[in-house]
Amino acid sequence: MSDDTELATEAQIAVHWKEEQYFEPSQAFIAQANMQDASIRERFSEENFPECYREYADMLDWFKPYDQVLDSSNPPFWKWFVGGKLNVAYNCIDRHLAQHRNKAAFIFVGEPEEEEPYAMTYQELWVRVNEMAALLRDHCGLKAGDRVTLHMPMTLELPITMLACARLGVVHSQVFGGFSGKAAGDRIADSGSDWLITMDAYWRSGKLIDHREKVAPALEEAKSLGKTGVKVLVWQRYPGKDSSKTPMVEGRDAFVNDILKDYRGKRVEPVHMDAEAPLFLMYSSGTTGKPKGCQHRTGGYLAYVAATSKYIQDIHPSDTYWCMADIGWITGHSYIVYGPLAIGATSVVYEGTPTFPDHNRPWRIAERLGVNIFHTSPTAIRALRRLDPDAPSKGPQNFKHMTTVGEPIEPKAWRWYHEQVGKGKAVICDTWWQTENGGFLISTVPALEKMKPGSAGPGLPGVYPIILDDDGNELPAGSGKAGNLCIRNPWPGIMQTIWGDDERYVDTYYRRFCKNPDSKDWRDWPYISGDGAIDAEDGYYRILGRIDDVINVSGHRLGTKEIESACLTVAEVAEAAVVAVHDDIKGTVPEVYVSVPVNVTDRDAVATKVIRACEDIIGKIARPERVYVVPDMPKTRSGKIMRRVLGAISNRRDTGDVSTLANPEVVEEIRILVQSR
Ligand code: PRX
């Protein structure tokens, strides 16, 4: 690790957790589980790779069968189910109609509790997706391969729009609704979208938020990056009523509901898409400022999320499944929309904050809808625990299965989740994966493998993780030593590339540990996750968190460089450094250090501007927990900012030897400033 990077603090904590005892799944769970057959490990062993993945592809309906499971002749540009043709919307909706027309595909729960939950059947979803697809095709002129940017909140219009795109082969790029207009604009320009689809307003923490106000900054940003002429479609949170105060712009903006009237009763044949056609882009933070458009494929992705929804989430058609993530993140794409629908499940979509109007809301929703599979993040678990540690055990919820995702979960929080929320009965899957991966990569198979708090588990069947040291040497299995978590083999859910930047894809995920750049053998091309991990003796992986310049806040990645460049837009700021700080609820949060010229005296005003800049440019999720305006940054003699030293101060740790710095005296000054706050 180089001098000026900051070791993720979560890693330093997780590495010190004790080995925990195992928890067994209950007999009742095992008896009903979708995957009870321990031979799956054998079927998906390396000898049977990649042919084993036929089992996943067979879960889908294909218009044309594939000729080859994996074409790995051009690493690391893998091709899955080559030659096959299918349609994602057909697989998620049409094929369920004969049996399940009247079954709820989604149950929408608005944040205001007085609004009744709304169950949308597969039949209605089919009608609405067809009409929206007709609109996109005939009104917008969109066709397979075109990109569309969505900047939508958590309402059913979001999956309807995604599935309408998928029906046409249009590539959707949904930007998390909480992100700023500017962030949406960057993604519009990068993806080359001619259309932005948004919504007028949505509920969050008791407020009807004006969401359309983000359109103007989005289009301004896109324009500054050379993308002009973008048109805007606006869904209405309450159809027929405009809930935003921001004026519509004539000729540019139109209400979807108005135009849809022309498409009533229209049906659109699902386009037969190549298995390798891109399905969607999902932008993710990386080590440099520019977010990466992770490009996901049609066939491999859908097969992977369908199978993992069935075997890891253990969803049966009769279950009610609720994933509390936002559809604007990969978790929502894979495990609210595509995976559950591909297997004909009922998936709950909740609009608002879990703790609104109080911390018992999730248990009330679960009871009302009969949710028996629950999926959330350690941040939400910690927040609920803090608000009322005894509440869930008395609550009415009755879960058979619970998932955690996005961050390491400490054994204490895990046990609370198990005992209080799951009432000691529900199995827990601690699922490790990333935006780039499409679906779960590490987790226990719930009926087959014991749980161990603090450890995600072994690689999924067909996924072969490995820990490499910094020189790329494999640590022996079960070494118990920390190192770089890599995956030795490709899998169907992996991204195809970074949109428009093949080289960055190779550089980011493969270059460093590639054994031979000329090799055509996938075994020479391990996938680099960017996480640290430990492989324990039992083959369970304990994830230690990011080892690069990425901060994981509430289970979502923010690039430190992204935040720093936002800080640097404030005129008074000369230098900025962001560090990850341990937080009891959110795992880690960003703290910002900025230096200002000596003539700037109103430091509070600068701090306020820095916070506003982060919120405006990235979104509220990037709001720094604290901003310190310092006289100077600790620097190496070559002028590099020592983020490691700042991180140590923020986390109240020893800064180590700073005598070799160019300006060691500033360290003490900063420590006094920080620790007096
Ligand atoms: O550091 C890991 C952490 O979240 C990162 C991926 O973030 P993102 O692409 O936003 O996707 C989040 C949801 C898939 C990883 O590099 N992470 C994810 N799951 C876990 C985790 N850390 C520990 N345990 C997990 N179960």
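Let's start inside the protein: 13 of the 13 residues of helix α13 are buried, so this helix is largely enclosed by the rest of the structure. Keep in mind as you look around that this is a predicted model. The protein chain has an average pLDDT of 94, and 97% of the residues score at least 70.

- Helix α13 covers residues 330-342 and supplies at least two residues of the shell around the ligand.
- After α13 comes glycine 344, and its phi is positive, near 70°.
- Helix α14 spans residues 361-369, and its buried residues include Arg361, Pro362 and Trp363.
- Further along α14, Ile365, Ala366 and Leu369 are buried too.
- A glycine also follows α14: this one is glycine 370, with a positive phi near 70°.
- Here is a handy idea for reading any helix: an α-helix has 3.6 residues a turn, so residues three or four places apart point the same way.

**The ligand and its surroundings**

- How many residues surround the ligand? There are 18, and the closest are Asp430, Thr431, Thr435, Asp531 and Arg557.
- By type, the shell is made up of six nonpolar, seven polar and five charged residues.
- Besides α13, the strands β20 (427-431) and β25 (541-546) each contribute at least two residues to this shell.
- Threonine 431 uses its backbone here: one of its backbone N or O atoms is 2.7 Å from a nitrogen atom of the ligand.
- Arginine 557 places a polar side-chain atom 2.8 Å from an oxygen atom of the ligand.
- The side chain of asparagine 552 has an N or O atom 3.3 Å from an oxygen atom of the ligand.
- Taken alone, the ligand would expose 550 Å², and the protein buries 98% of that.

**A buried residue in a loop**

- Where is threonine 655 found? Look in the loop that lies between α21 (643-650) and α22 (665-675).
- Is threonine 655 buried or exposed? Its relative accessibility is 4%, and because buried means under 20%, threonine 655 counts as buried.
- Leaving aside residues up to four places away in sequence, threonine 655 touches Arg644, Val645, Ala648, Ile649, Val667 and Arg671.

**Where to be careful**

- Over residues 1-10, pLDDT stays under 50.
- For those residues, the model has 31 contacts beyond four places in sequence.

Conventions. Residues are numbered from 1 along each chain as its sequence is written. This is a predicted model: local features need pLDDT of at least 70, side-chain atom pairs count only at pLDDT 80 or more; totals for chains, interfaces and linings use all residues. Side-chain values use heavy atoms; hydrogens and water are left out. A residue is near a molecule or strand if one of its heavy atoms lies within 4 Å of it. A polar contact is a pair of N or O atoms within 3.5 Å; within protein, one must be able to donate a hydrogen and the other to accept it, and residues adjacent in sequence count only if both atoms are side-chain atoms. Accessible areas come from the Shrake-Rupley method with a 1.4 Å probe; for residues, only the protein chains shown count as cover. Helices (H or I, at least four residues) and strands (E, at least two) are DSSP runs, numbered from the N terminus. Ala, Val, Leu, Ile, Met, Phe, Trp, Tyr, Cys and Pro count as nonpolar, Asp, Glu, Lys and Arg as charged, and the others, Gly among them, as polar. Buried means under 20% relative accessible area, exposed over 50%, partly exposed in between (1.4 Å probe, protein chains only). pLDDT is the predictor's confidence in each residue, from 0 to 100. Contact means heavy atoms within 4.5 Å.
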